[in-house]
Amino acid sequence: MSAFPHRHLLGIEPLEPADIQVVLDTADGLKEVLDRPIKKVPVLRGKTVVNLFYEASTRTRSSFEIAEKVLSADSLSISTATSSVQKGETLLDTAKNLEAMNPDMIVIRHASSGAPHFLARHCRSAIVNAGDGAHEHPTQALLDALTLRQRKGRLKGLRVAIVGDLLHSRVARSNLWLLSKMGASVVLCAPPTLVPPGIERLAPVTWRIEEAVEGADAIMVLRIQRERMTGGYLPSPREFFNRFGLTEERVRRAKKDVLILHPGPMNRGVEIASEVADGPYSVILDQVTNGVAVRMAVLYLLLGGGAGAAS
Amino acid sequence: MAGPSPQIEKAVLMDAGRVARTLARMAHEILERHPDMRGVVLVGVRSRGVPLARRLAGLLREASGVEPAVGALDISLYRDDFTMIASQPITKGTEIPFSIDGRTVIVVDDVLFTGRTVRAALDQLIDFGRPDRIELAVLVDRGHRELPIRADYAGRSLATARQEIVQVLLREEDGRDGVLLLERRARRAQRGGARRGRARGRRGK
C-alpha cells in the first residue's frame, strides 16, 4: 500500500479522491497529538523544512511551524521582507541556494500562480504549496474539508455555498476542486465583478446570496481584500455588506445545522457580520486547529517514507 | 509496482478455543502478580493489541471484580524504521483517557517479534506520564529480538524461522479468532530466477 503516492502537494486539482481521503484520515489520527501533555512526537526527527513566505501570512505560516515542531522536524522560516529577495534575488536563485543546504521540504507561499510548480521542477526537495497567487491553497481546502467531515460525518451530498471574492481567491478554487471530487455540490456567489470568467463551467454561480445559502449545509465566506475595493470592483465595503455580507437573517435560510467557515483573516462587517462569526454555527476556530492537523498530515505523508522519500 | 509478498499458510497454531483459554490464563497470571487491580491499567498497541487488552480487562473484572481502564497506543509516530519503510501507515490515534502517573501500565500486543514496536510503545508512554512500572503482555512471543526486551506475560512462546509470519486473527478485527503460521514466498528468489533466465538468454545470444 502506498498511502499517498505524490512527491509534492502543489494543488488539489491533481489529487484523486482517495488521496484526499488519506490526508483527511491521517489528519484525524494526528489531531490527538495536539491534546497530549507533551505535544511532540519524534516521527520527523532529522528532517529539515524551509518555510519560504513571499507574502504576509500569520495563520498558515504559524500553522506549518507548529506542525513541523510537533513532528520534531527542524524548521527555518524565511520572510522575503528580511531576505535577499529585497536585494533582487530571483525565486530560482533563492531556491537553488536553499537547495544547496539540503532541506527535505520547502513550503512556499508566493503571489504568482505557479511558483510552487516552478520550484518543484528545479528542486529535489518536496514542495508544498502554501498559497500561490489566485491559483490554489490546498492545505486550506483540506482543513476546511476536515472540519466539515468532523461535524457532518461526510462530504458526499453536502450542499456548500462559497460566497465572496471568487476572483482573487485561491481558497475558493481549491475548495471547489476538493468538494466536487468528494461528491459535495457547490454553489458560488459573488458580485459580477468578482466572478472569474469560465468558473460557471465548474459550479453554478449566483449573484444573490439568499439563493446561494438557501438550504446550505455549509457556507464558506471568502475574505474581501479591502485594498482591492478601490480598484473599481466594488462601490464600497458597506454596499458589499448590504448585498453579499453574511448576516444572521441570511443564515436562517440555510439548514438548521449549517456550518459557517471563513479562512481568515475576517473583515467583520464587510463579508461577515460579527454575530455570525462568533455565533453558534461558526466553526472558524475549529478550522484553525484542524489547520495544524492537516499540515502535520501533509508533512507526515510527504516526508515519512512513501513515494516522496523514496524518489 | 510490487505488491505484498505472497504468503502460504503452514499451520494453525491456535484455534479460537485455545486463544480464549490462553487469555484466561494470562489474566490469572496478571492477577497473581497484582492482587489489587486498582493501580493497574492496560494499554493495547494498535491494532490487535487493543481488542486483546479489552478482553483481558473483561477477564480481570470477572476474576477480581475490578475492571482496569484500557487505552490504545498508535506507535506509528514513534517507529525507528519510519524512513526505511516503503509506505506510511495511516495513524489511527492514541487514546489514553486517564493518567498513567504512579500506575502499573500493562502494554498489550498480539505478537512480540524484534521488540521495536514495544520500544516505540515505551517511548510514547513516557511522553504521557511517569508510570510506577510498565509490564508487557503478548499473545505470542515468536523470538528474533533485536532489542533487550522481554514479555512479562506471554500466552505462547514459539520458535519460528525469520521468514515465517505469525498472524493473529481476532473476531473484532478479522471476524474470527486464531493464530496462523504463514510463510512469505521470497519474491527475491522469483526475481533472481527471472534475472538468471534473462542472463542465460543473453549468454545464449
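**Close-up 1. Strands β8 and β9 of chain A.** Strand β8 (residues 218-221) of chain A is joined to β9(A) by three bridges, and the two run parallel. Ile219(A) has Ile260(A) as its bridge partner in β9(A). Strands (E, at least two residues) and helices (H or I, at least four) are DSSP runs, numbered from the N terminus. The model is predicted: local features need pLDDT of at least 70, and side-chain atom pairs count only at pLDDT 80 or more, while totals for chains, interfaces and linings use all residues. Residues are numbered from 1 along each chain as its sequence is written, chains are lettered from A and ligands numbered from 1 in the order in which they are written, and side-chain values use heavy atoms, leaving out hydrogens and water.

**Close-up 2. The open sheet of chain A.** Five strands, in the order β7-β6-β5-β8-β9 (chain A), form an open sheet with parallel pairing. Because β7 (205-206) and β9 (259-261) of chain A each have a single partner strand, they stand at the edges, and one side of each is left without a neighbour in the sheet. Two strands pair if DSSP finds at least two bridges between them.

**Close-up 3. Helices α1 and α11 of chain A.** Helix α1 (residues 17-31) and helix α11 (residues 284-303) of chain A pack with their axes 8 Å apart, at an angle of about 115°. This makes α1(A) roughly perpendicular to α11(A), a term for angles of 65 to 115 degrees. Axes are lines fitted to C-alpha atoms, for helices over the stretch in contact, and angles run from 0 to 180 degrees between N-to-C directions. Contact means heavy atoms within 4.5 Å. Among the residues that meet are Val22(A) and Leu30(A) in α1(A), and Ala293(A) and Tyr300(A) in α11(A).

Methods
Parallel < 35°, antiparallel > 145°, perpendicular 65-115°, else oblique.
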